[in-house]
Amino acid sequence: MHLFSTQLVLRCPTGARHRAFLSCSYILRNNVHNRSHKRTKVSSRVAKQLKLTQTHKKPVSLAGVIKPSVLPSQSPNTSTDDTVALDFAGPLSKADILAVLNQFFRQPEVKSLAMQQGMEHSLFLQAFSEFRKYCATISPLPSELHIKLSDIINGYGTATDLFPFFLQHAKVMYPHLDYVKDLRHASNLTSPAQLFPLARAKQRKIIIHAGPTNSGKTYHAFQRYLASKSGIYCGPLKMLAVELAQKSNDVGIACDLVTGEERNFADPEGLMPAAHISCTVEMTDIERPIEVAIIDEIQMLRDKQRGWAWLRAFLGVNADEVHLCGEEAVIDLIKNIALDTGDTVEVKRYKRLTPIEYMNEPLGSIENVQDGDCIVCFNKSSIYQLCRELEKMGRQCAVIYGGLPPGTKLAQASRFNDPDDPCKVLIATDAIGMGINLNIRRVIFYSLLKIEESRGSKINTVISPSQALQIAGRCGRYGTTHKDKGYVTTFHGKDLELMHDLLNKQINPIDKAGIHPTADMIELYGYYLPHASLSDIIDIFLSLMTIDGDKYFLCQIDQFKQIAEIIEHIEMPLRTRYVFCCAPIPLQSAFVTTMLLKYARQFSAGQPITGKWLAEQIGWPLPKPITLNELTHLEAVHDSMDLYNWLSYRFEDQFPDKVEVKDMQMAIDKAILEGVCEITKLVVISENNSDKDDMRVEKLKTLPSNISRILEKLSEKLPNET
Ligand SMILES: Nc1ncnc2c1ncn2[C@@H]1O[C@H](COP(=O)(O)OP(=O)(O)OP(=O)(O)O)[C@@H](O)[C@H]1O
Ligand SMILES: [Mg+2]
């Protein structure tokens, strides 16, 4: 349904209680993958829909979504008072009434009063037009209005005095104006610190570990975590959360790993939660009392999409000590926000542990690649091309990009880190950008341009100085073979000057942190606007919400809205819909989006979404990829299983087969890894045989013999499944 055609019937939420709400966290991936596999019929429909939702920006306007009540064209009952008023004040000429109303309309004060009452411009215009019609046509007018108009006409008052009459009239037309105060209250984001009562009940100690990359910030915070009775590490990437969980378990501090799609308990039985947790920042537990919390890469507060997750973790974590690791640029903002939380703040500053040289010579040619080099590209086609050229020269290379499953990323990283492995070169995207320790001697920027998605369009933008520093900071890491010194350069001579500019630029202090409406707020809106779609609720929320613009900005919620529109036609309760909309999926993948739709349909029909059903949908088992399209398709299948797991932690009954799905996913991770290890072969086959490549992907999606084989297998494995 189109937003403009949506009509809300407003209902008084009497008796509706603000129940225990969702505690739904989610991971938004900010890495954009360019998936190019062939689309199924359903996929192309989804893609079309996506295109529509991405390019069509709708104005946020209550008048656009709320249908006014129909007003009577005649005064319903004429009371004796009304006739007395007519006798007392005398008849009023229509021209005089209209002159007063025109004067009323022109007063800026009137517009500002209307705005305070929840009437934004277009709604004010509609309400005024009806009020004008009413005053000019109803006879006799209600006595008080008649007398007031008479007074104004005779110079005993001003046109603004009509406002209470206008407001009363507008409220009959738009009953929701009675709740605007409540809706405003429900979308008050001016004091986000107060949304976390458990943390506010504590006198927390904030320790900021500030400094450049590779200066030991995370290391020092982590030492404190290891020494504590209970700790939580909140990191920006799954890879980092895994690294820290491993480090903790390796030194005998049992640590659980928690990501959106995974729970890996240190206890082999999975019965007793460990006192230490390593998680992705979106999954930060804000209920559990903890001694030491680490929130890594705290400068990500400024991120347009994910910033809210760092703010939520910082404001909400229920810890005695909160260690924030990141850029110096964040210090003032943290101190400023801490005035609201009442926490004490201590700053520890760090210096780089090893020197780094920004070179004056570009690499110039692929022939000049050396052991320990990492070439950083921002698109997959450059990665493929470079791998091919390097392998032609007899060099093996590891590959890491955002779309790869965690197992493949970790395997590629350890291959490159292993001094005994013949693979000495890494080709990566900025997926290696934050906090990760790799055995890199020299970082080579293949380009400094990155495709950013903004409001549905893709723009090539120069990476920010902070991103450039983060990526450059991956070389010469303390504790690796190249700890003596790190080097940074560009591949092409033309980019060298820009690279120096970016790396030497002063990083501006961060003045605002990202914020996001909570599930509670949206659900409360749902009570007030029970017939509104979730997408409309978001629009209305945005038009009424208030934030402290000096400290906070609203994170982009385009993806949330896009999913809301895609599943709008599927029946489900608001809280369920909200969770589906939070799903961290790469929306640009038509396959994954189609799977989301299918999950939602099954869910809505009350059908359990079993491993058997999923196997049928994806055409399991999927063979090792031999072309690039197949590799990309496998990545999308992996993502759709990630989505299954993500949903299964939120709707256990409807997604009952996480173990089976995990098994299938591990097999896919392995197949992807095999494909990535032979990436050059895949590139060559795809270049020589692009038509066949596409046909094979289509075949993979539909092979009935494959499906029946796996169905048989799964039936054996799941004897009780219906
Ligand atoms: N005092 C130390 N003793 C031993 N190893 C250390 C010490 N300080 C840092 N390291 C090691 O140096 C490497 C870099 O440290 P760390 O990851 O803490 O840097 P960082 O400042 O957090 O960098 P980034 O900004 O990139 O996240 C890590 O491998 C870490 O284990
Ligand atoms: Mg770090």
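Biologist: Where is E571?
Modeller: E571 sits in the loop between α21 (558–566) and α22 (574–581). Keep in mind that this is a predicted model.

Biologist: Is E571 buried or exposed?
Modeller: E571 counts as exposed, because it has 12 C-beta neighbours inside 10 Å. The cut-off for exposed is 12 or fewer.

Biologist: And how far apart are E571 and F603 in space?
Modeller: They are 9.3 Å apart, C-alpha to C-alpha. In sequence, 32 residues separate E571 and F603.

Biologist: Let's zoom out. How many helices and strands does the protein chain have?
Modeller: The protein chain has 29 helices and 20 strands.

Biologist: What share of the residues is buried?
Modeller: 44% of the 722 residues count as buried.

Biologist: What about contacts between residues 24 or more positions apart?
Modeller: Take the contacts with a separation of 6 or more. Residues 24 or more positions apart account for 81% of those.

Biologist: Okay, helices now. Which residues of α11 are buried?
Modeller: In helix α11 (residues 217–227), the buried ones are K217, T218, A221, F222 and Y225.

Biologist: Why do they end up on the same side of α11?
Modeller: They cover an arc of only 110° around the axis, so they share one side of α11.

Biologist: What is exposed on the other side?
Modeller: Q223 and A227 are exposed there.

Biologist: And what covers the buried residues of α11?
Modeller: The cover includes the strands β2 (205–210), β3 (231–235), β7 (290–295) and β8 (319–326). Helix α12 is also part of the cover.

Biologist: Stay with α12. At what angle does it cross α16?
Modeller: Roughly 65°. The axes of α12 (residues 238–250) and α16 (residues 406–417) come within 10 Å. The two helices are therefore roughly perpendicular to each other.

Biologist: Is that crossing left-handed or right-handed?
Modeller: The crossing of α12 and α16 is right-handed.

Biologist: Which residues make the contact?
Modeller: From α12, K238, M239 and V242. From α16, P406, K409 and L410. By type, the contact of α12 with α16 has four nonpolar residues, two charged and no polar.

Biologist: Where does N214 lie?
Modeller: N214 is in the loop between β2 and α11. N214 counts as buried, because it has 26 C-beta neighbours inside 10 Å.

Biologist: What's the phi of E297?
Modeller: E297 has a positive phi of about 55°, and it is not a glycine. E297 lies in the loop between β7 and α13 (307–316). E297 is buried, with 25 other C-beta atoms within 10 Å.

Biologist: Now the peptide bonds. Which residues does a cis bond join?
Modeller: One cis peptide bond joins S139 and P140, with omega about -5°. P140 is found in the loop between α6 (121–137) and α7 (143–153). A cis peptide bond also joins W620 and P621, where omega is about 0°.

Biologist: Where is P621?
Modeller: P621 lies in the loop between α24 (611–618) and α25 (628–648).

How values were computed
Residues are numbered from 1 along each chain as its sequence is written. Chains are lettered from A and ligands numbered from 1 in the order in which they are written. This is a predicted model: local features need pLDDT of at least 70, side-chain atom pairs count only at pLDDT 80 or more; totals for chains, interfaces and linings use all residues. Axes are lines fitted to C-alpha atoms, for helices over the stretch in contact, and angles run from 0 to 180 degrees between N-to-C directions. Helices (H or I, at least four residues) and strands (E, at least two) are DSSP runs, numbered from the N terminus. Angles under 35 degrees count as roughly parallel, over 145 as roughly antiparallel, 65 to 115 as roughly perpendicular and the rest as oblique. A crossing is left-handed if the near helix is turned anticlockwise from the far one by less than a right angle, and right-handed if clockwise. Two residues are in contact if their C-beta atoms, placed from the backbone, lie within 7 Å. Ala, Val, Leu, Ile, Met, Phe, Trp, Tyr, Cys and Pro count as nonpolar, Asp, Glu, Lys and Arg as charged, and the others, Gly among them, as polar. A residue is buried if 20 or more other C-beta atoms lie within 10 Å of its own, exposed if 12 or fewer, and partly exposed in between; C-beta atoms are placed from the backbone. The arc is that of the directions from the helix axis to the C-beta atoms.
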